[in-house]
Amino acid sequence: MKSYNSFIFDSCTFDPETGEIHLVYSLDDDVQFTEVLEIPTEGIRLNAIEQALFTLHIAGGASYYKTCCPKQIEVRSGILNKDQAAFWNMVYENGLGEFFFENQIDFTGLIHFPINELETPVFHQSDRPSNGKVLVPIGGGKDSTVTIEKLRAEGRNITLLRMGGHPLIDDLVSVTGLPCITVKRKLPRKLFEMNEQGALNGHIPITAYLSCLAVVVAEAIGFDEIIMSNEKSANEGNVEYLGKQINHQWSKSEEFETAFDGYIKKYINENLKYFSKLRSFTELEIAGEFAKLPHYFACTTSCNKNWKVAGEHLQERWCGTCPKCTFVFALMAAHLKRDTVEKIFEKNIFEDSSTIPLYKQLLGLEGFKPFECVGTPEETTQAFEMIKERGEFNDTPVMQMYRDR
């Protein structure tokens, strides 16, 4: 794979007639990537989204920067002051931590967003009146349904936000009975060609990207709050690398949430609120809340194999063999009867002895916590203790492993 000296944030444009956003990046002005998104055009307020679009442009660059991690970063689509550059240095270094670890890249001092000392960024603060509307991004899993029902109980004016269409999320949206904004996203073919040719690849801070997209929608259409469904468990990392805790869920963490909310208020809209409704809850506690919502059991899934960018998708909601499936199965088994859990997953994952190595990782008995959105070993252990006490799964290979550990 050819090496490049600079990664360039070239331009970001918005066409109010079509709702299309074009995010353009390049490597040395030689290789160009153009990512295209489409948002609804009804009710668009053009003067409100300039800085929001710029923020999305910077966040979206992670997908293309990681192809070869050039030492120089150039920003042509806007101006960053010292504070902003420091924020994005933090987002890229922490958000790409898993990618650096998996590819054994020394990230120390690698990322330096340029500071423009000669010009002062112009920020257009929103002057629209408060309307009480809240925007809730959803991903098809249990967490966002718990958030939705907590907000519904408070009588909030809720609109859902999702990226891309998917029949599994169609089902969930239908059950909620709430309005939903769908954003279409098209990634450039060049990215996949470079990956096939050996470009570096790996995890990006996707929640940071989705959060910036939510800000664009909130500013363009008009929402007072963006309410996420990120839990307390996301604060804990997976493994240490080069003196830093690498956290697969860093852009779901409280550190990112606090910093991003401050960034929004300082540089986009001082009245727009960004926070997680579930920040004080562990994954196990959220599962307990979800267990009270049986009408969602058949229309949710946390299995990330359903959301692949490329390749075939599952024909069922749960693969039953990945870290997410195994972890969530344990959470549900801690709160629900065996027959209910088996009906949700259409299988009994505890009967599959091939999942035992994964459960040992989740329990902290071997290796480190999988690079997935899963809870802490302490939570998993607590779930297993609850399952053991309930007794319904104690005859399975997985529970026998736990009892004999």
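# Reading a predicted protein model

Me: Leaving aside its neighbours within four places in sequence, with which residues is Tyr359 in contact?

Reply: Contact is judged by distance, with heavy atoms within 4.5 Å. Once the neighbours within four places in sequence are set aside, Tyr359 is in contact with Thr326, Phe329, Ala330, Ile349, Phe350, Phe384, Val398 and Met401. Please keep in mind that this is a predicted model.

Me: Where does Tyr359 lie, and is Tyr359 buried or exposed?

Reply: The idea is to compare the relative accessible area with a cut-off: under 20% counts as buried. Tyr359 has a relative accessible area of 0%, so it is buried. Its place is in helix 13, which runs over residues 356-362. As for distances, the C-alpha atoms of Tyr359 and Asn247 are 19 Å apart in space, and the two residues are 112 apart in sequence.

Me: Among contacts between residues at least 6 apart in sequence, what share join residues at least 24 apart?

Reply: The share is 70%. Phe281 and Lys232 are 49 residues apart in sequence, while their C-alpha atoms are 5.4 Å apart. Phe281 lies in the loop between strand 11 (273-276) and helix 10 (283-290). Beyond its neighbours within four places, Phe281 is in contact with residues including Lys150, Glu231 and Lys232.

Me: Which residues are in contact with Tyr296, leaving aside its neighbours within four places in sequence?

Reply: They are Thr145, Ile148, Glu149, Arg152, Leu172, Val175, Thr176 and Phe290. Tyr296 lies in the loop between helix 10 and helix 11 (323-335). With a relative accessible area of 0%, Tyr296 is buried. Its C-alpha atom is separated by 9.8 Å from that of Val146, a residue 150 places away along the chain.

Me: How is a pair of aromatic rings described?

Reply: Such a pair is described by the distance of the centres and the angle of the planes. The count in this protein comes to 34 aromatic pairs. One of them joins Phe7 and Tyr25, with 5.8 Å from centre to centre and 20 degrees between the planes, and this pair is stacked. Phe7 lies in strand 1 (residues 6-15) and Tyr25 in strand 2 (residues 20-27), so the pair ties together parts that are 18 residues apart in sequence. Both Phe7 and Tyr25 are buried.

Me: Why is the pair of Tyr65 and Tyr92 edge-to-face?

Reply: Planes over 60 degrees apart count as edge-to-face. The planes of Tyr65 and Tyr92 stand at 75 degrees and the centres are 5.9 Å apart, so the pair is edge-to-face. This pair links distant parts of the chain, with Tyr65 in helix 2 (residues 62-65) and Tyr92 in helix 3 (residues 82-95), 27 residues apart. Tyr65 and Tyr92 are both buried.

Me: Which residues do ring pairs link into a cluster?

Reply: The cluster consists of Phe7, Phe9, Tyr25, Phe33, Tyr64, Tyr65, Tyr92 and Phe113. Asn89 lies in helix 3.

Me: Finally, which backbone angle deserves attention, and what is phi of Leu242?

Reply: Phi of Leu242 is near 55 degrees, a positive value in a residue other than glycine. Leu242 is placed in the loop between strand 9 (239-241) and strand 10 (244-246). At 46% relative accessibility, Leu242 counts as partly exposed. Asp29 likewise is not a glycine and has a positive phi, of about 60 degrees. Asp29 lies in the loop between strand 2 and strand 3 (31-38).

Note on methods. Residues numbered from 1 in each chain as written. Predicted model: local features only at pLDDT ≥ 70, side-chain atom pairs only at ≥ 80, totals over all residues. Heavy atoms only, no water. Phe/Tyr/Trp six-rings, centres within 6.5 Å; stacked < 30°, edge-to-face > 60°. Helix = DSSP H or I, 4+ residues; strand = E, 2+ residues; numbered from the N terminus. Buried < 20%, exposed > 50% of the residue type's maximum accessible area, 1.4 Å probe, protein only.
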